[in-house]
Amino acid sequence: MNVLPLYPHDVFGFPTGLLLGTLIGFAFGFVLERAGFGNAKNLAAQFYLTDTRVLKVMFSAIATACAGIGLLSGFGVLDLSLLTVPETFIGPHVVGGLLLGIGFIVSGYCPGTGVVAMASGKWDGLMSIVGVMIGSLLFGFVYGPLEGFYKSGAMGSVTIAQALGLPFPVLAAGVVLMAVGCFLGAEKLETIFAPKANKPVPASQPVVRNRAFAAMGAFAVLGLVTVALPTRVPAETATPLARIGAVELAQKIVASPQDLWILDLRDAKAAPATERIPGTVTLPEGTTAAKFAATLPATRTLVAYAQGDVPTLPEGLRAFPGEVLVLAGGFDAWKGAVLAVPQPPADPTPVLIAEFRTKSALSGYFTGAAAAPPPKLVVKAVAPSAAPKKGGGC
Amino acid sequence: MQPPVERPYWNPYVAGFVLGLVLLTSFLVMGFGLGSSSAATRLAVGTAHLIAPKATEANAYFSQYVGPGKKVLEDWLVFEVLGIFLGGLVGAYSAGRLKSEVIRGEGVSKGHRIAMAVVGGILMGFAARLARGCTSGQALTGGAILSLGSWIFMMCVFAGGYLVAPFVKRDWR
């Protein structure tokens with residue numbers, strides 16, 4: 001039974017969210033200061049390998065949070081599907097990353113640490129933030145010609161775990177392992193590069209370090225345990241999804257729309273009203289199809305669809321007590337099978353013509369276009385046929 | 001009142017672990033992670049909107065922040081960054097590090113460092129909008145949720161830094 005994350009589960013509203021945001025930010029800023037990130041020299045040292053504090057703090061934080069997410073989602077208290085995954089745009093991420101790295105070493109800060117430096121009384125920190133503001137405006141001024149590139153290489157919200165087809169906790173354990181490997185390598189590099197620059201080698205503090213490694217490792221191992229647990233058989237493999245074809249659904253909508261709840265699983269912004277199946281339930285503001293499904297009475301059959309196929313049902317739909325069907329092939333299949341004007345069969349047989357008539361009628365019904373006339377049945381000489389002869393009779 | 005005596009920095013791995021817990025908390029509470037640059041963007045766009053409301057609203061990129069019914073500063077990240085500032089302030093004061101100064105290498109002037117900070121900041125502001133986030137929103141947050149693009153971004157940040165570091169060496173010596 002997952003209750004996390006809280007905000008997408010409507011535990012509190014927007015104003016409370018802002019207050020919590022301030023508190024979370026406070027902790028973020030405090031830790032950044034204690035990490036030494038209010039001083040540009042500590043940050044710049046990363047790029048001369050005299051003190052790799054940036055790598056150590058950043059990668060420890062990523063590994064800890066990543067393993068924590070893997071662990072809690074593995075135990076089923078955190079719904080991974082409700083976490084926001086920044087979308088991938090290959091070109092902008094490569095170019096933006098390079099530019100930001102250059103800006104980082106030139107200014108001595110990144111945008112977050114610049115705020116901490118500013119709060120610590122560092123004028124260079126304040127001016128780096130002024131620069132960030134100017135840079136943001138510059139981007140807006142050149143957005144027109146840049147828009148094409150800005151939207152290029154779009155892959156949507158994709159995680160490395162999804163790309164490799166591995167469970168999240170397994171990848172998280174990999175991140176922890178990789179982090180520890182990087183840390184040991186970075187400490188080695190410090191012993192080479194710090195003396196060269198006449199700087200003291202940062203103290204290693206192996207006892208404290210190993211405790212931190214152990215804590216991250218414990219998160220990762222517990223996460224791996226959840227993957228191995230036999231009870232964590234995903235519900236969707238236990239009960240295969242019942243599917244309905246596009247044509248069959250179209251016939252049902254025509255014949256008995258009152259027996260259906262039709263739910264669009266796509267993001268409301270991504271799917272304009274014209275791009276929906278007629279009869280789709282209009283969701284109230286601020287809810288998702290999955291959440292809304294839990295509020296519907298089970299008196300009707302629930303039909304869910306996305307743009308393409310739905311590999312796994314969202315949590316809320318799984319909880320729906322009545323019959324749940326998934327539109328095979330999603331809206332794309334609907335467009336192809338129902339909305340498209342059907343092509344008359346090349347080699348008409350009575351069965352194909354009947355099928356063509358059905359499709360043509362449905363296409364006409366759902367697009368408002370007049371149904372195309374069925375093709376003439378070609379009577380083959382060898383086949384004795386009862387087909388009416390055109391123009392026969394009197 | 002006597003300012004507190006200077007305290008040492010935390011062990012970086014401990015600081016990282018605690019920072020990871022803060023990031024994890026953000027995910028558990030809000031469903032998304034931390035950010036920084038977009039608060040500066042919102043502040044800049046909000047200022048531009050005060051000066052030239054029509055022109056700002058007409059801009060294809062800025063129109064997502066300002067326009068009828070949109071409050072540019074009423075945003076989670078703006079409040080979160082306000083928190084970063086307050087947390088940094090309390091952290092710096094309590095550790096005896098709250099001090100008006102310009103961090104620079106011995107060989108460079110204050111003016112040089114300020115100019116470099118602005119130039120680097122401009123690059124970062126531009127880059128963060130292009131990449132839809134900075135070291136906080138992309139590298140840290142996207143990294144923890146294993147976003148493919150965020151990892152590519154993070155690698156490129158380090159690459160860009162190492163590439164240019166030899167040319168600005170004296171700023172930090």
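Is D51(A) buried or exposed? D51(A) counts as buried, at 16% relative accessibility, where buried means under 20% relative accessible area, exposed means over 50%, and partly exposed is in between (1.4 Å probe, protein chains only). Before going on, a word on the model: it is predicted, local features need pLDDT of at least 70, side-chain atom pairs count only at pLDDT 80 or more, and totals for chains, interfaces and linings use all residues. Residues are numbered from 1 along each chain as its sequence is written, chains are lettered from A and ligands numbered from 1 in the order in which they are written, and side-chain values use heavy atoms, with hydrogens and water left out.

Let's start with chain A. It has 16 helices and six strands; helices (H or I, at least four residues) and strands (E, at least two) are DSSP runs, numbered from the N terminus. Of the 394 residues in chain A, 46% are buried. If you look at contacts (heavy atoms within 4.5 Å) with a separation of 6 or more in chain A, 65% come from residues 24 or more positions apart.

A salt bridge here is a side-chain nitrogen of Lys or Arg within 4 Å of a carboxyl oxygen of Asp or Glu. R53(A) is buried too, with a relative accessible area of 11%. Now look at K151(A) and E147(A), whose side chains meet in a salt bridge at 2.7 Å, N to O. K151(A) is partly exposed at 45%, and E147(A) is partly exposed at 29%. Over all chains, the search finds twelve salt bridges.

Next, the place where the chains meet. Chain B gives 117 residues to the contact and chain A gives 128. About 10,800 Å² is buried between them, with carbon and sulfur atoms giving 78%; buried area is the accessible area (1.4 Å probe) that two parts lose on being put together, summed over both. The interface of chain B and chain A holds three salt bridges. One is E33(A) with R97(B), whose closest N and O atoms are 2.7 Å apart, and E33(A), R34(A) and R97(B) are linked in a network of salt bridges.

Another pair is K122(A) and E101(B), with closest N and O atoms 3.1 Å apart. K122(A) sits in the loop between α5 and α6 of chain A and E101(B) in the loop between α4 and α5 of chain B, so this pair joins two chains. K122(A) is buried at 4% relative accessibility, while E101(B) is partly exposed at 24%. G121(A) is found in that chain A loop as well, between α5 (111-119) and α6 (123-141). Leaving aside neighbours within four places in sequence, G121(A) is in contact with L98(B), K99(B), S100(B) and E101(B).
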